[in-house]
Amino acid sequence: SPQQRRPPQQTMLLSARRVARLAPAVHSRALSKVVATITGPCNKEALSTFTRAIDGIGGCKLGGSRSMELSGTVSISSVVFVPEGLDNHELSHALQCALPPRYVVSVQESGEGNAPQAFARVTVTGAERMGILAELADYAESRSLQVSTMLATTDASRYGADGIEGTDDDEDPIYTATCTLASHSPEEDAPWVRNEIYEFGEKAELTVTFEDLTAQA
């Protein structure tokens, strides 16, 4: 008689158990570092579900995490220390099985060396137009700076719920982007970046504010 197929739920459960059994055999070996990211519907249990899923995979240890919500979608990234013998595909599959539907899992190798340190918070404001964020990103990249966090918004207060603009047609929506810049030598970079960021604002016809985070350390 043909071999019976297991239901999908049973197959996923067996796969997760296989990963959990794998870790004790290699628990005493060195741990490698990866970054696991999930993206899905925003709810109050998303972070706790994600951390419990990682803790449930034997031998894995949770490192630093960062979460961001945008229009009902949450993205959570965490550094995960994994034992030798547990590859990225197995970790990704185990997390996918442990999470509710509609969540997407990604596992990437972590960068080596010390992470750059945040040294400045820059806010750029101006009339909305195409390319403001790209101009700011190009500026940072050309100076070997890393944009570690970014929040961009458009002031749509002049628009009604139906999306139709009010009577004041002469004003453009205001675009605001706030970025945290990071560097491996923050104390050296902060002074000259401050001067150049204001020059960038003048050339781009944008209002720029610069907050030196090294002065707060």
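Contact means heavy atoms within 4.5 Å. Helices (H or I, at least four residues) and strands (E, at least two) are DSSP runs, numbered from the N terminus.

Please keep in mind that this is a predicted model, in which local features need pLDDT of at least 70 and side-chain atom pairs count only at pLDDT 80 or more, while totals for chains, interfaces and linings use all residues. Residues are numbered from 1 along each chain as its sequence is written, and side-chain values use heavy atoms, with hydrogens and water left out.

Strand β5 (residues 117–127) is joined to β8 by 6 bridges, and the two run antiparallel. Arg121 has Glu211, in β8, as its bridge partner.

## Helix α4 and Leu133

Leu133 has its place in α4. With a relative accessible area of 29%, Leu133 is partly exposed; buried means under 20% relative accessible area, exposed over 50%, and partly exposed in between (1.4 Å probe, protein chains only).

Not counting residues up to four places away in sequence, Leu133 touches Met150, Tyr175 and Ala177. Leu133 and Met150 are 17 residues apart in sequence, and their C-alpha atoms are 9.6 Å apart in space.

Is Phe50 buried or exposed? Phe50, found in helix α2 (residues 46–55), counts as buried at 0% relative accessibility. Leaving aside neighbours within four places in sequence, Phe50 is in contact with Ala36, Ile38, Ile76, Ser78, Leu95 and Leu99. Although Phe50 and Leu99 are 49 residues apart along the chain, their C-alpha atoms are separated by 7.1 Å.

Leu95, one of those contacts, belongs to helix α3 (residues 88–98), where Glu90, Leu91, Ser92, Ala94 and Leu95 are buried. The N-terminal end of α3 is capped by Asp87, which has a side-chain oxygen 3.2 Å from the backbone nitrogen of His89.

## Cysteines

How many disulfides are there? The count comes to 0, where a disulfide is a pair of cysteine sulfur atoms within 2.5 Å. Cys42 counts as partly exposed, at 33% relative accessibility, whereas Cys179 counts as buried, at 2%.

## The whole protein

Stepping back, the protein has 5 helices and 8 strands. From the N terminus on, the elements run α-β-α-β-β-α-β-β-α-β-β-α-β. Among the contacts with a separation of 6 or more, 74% are between residues 24 or more positions apart.

Of the 217 residues in the protein, 30% are buried. The accessible surface comes to about 13800 Å², and 51% of that belongs to carbon and sulfur atoms. Accessible areas come from the Shrake-Rupley method with a 1.4 Å probe, and for residues only the protein chains shown count as cover.

Technical notes: A polar contact is a pair of N or O atoms within 3.5 Å; within protein, one must be able to donate a hydrogen and the other to accept it, and residues adjacent in sequence count only if both atoms are side-chain atoms. Two strands pair if DSSP finds at least two bridges between them.
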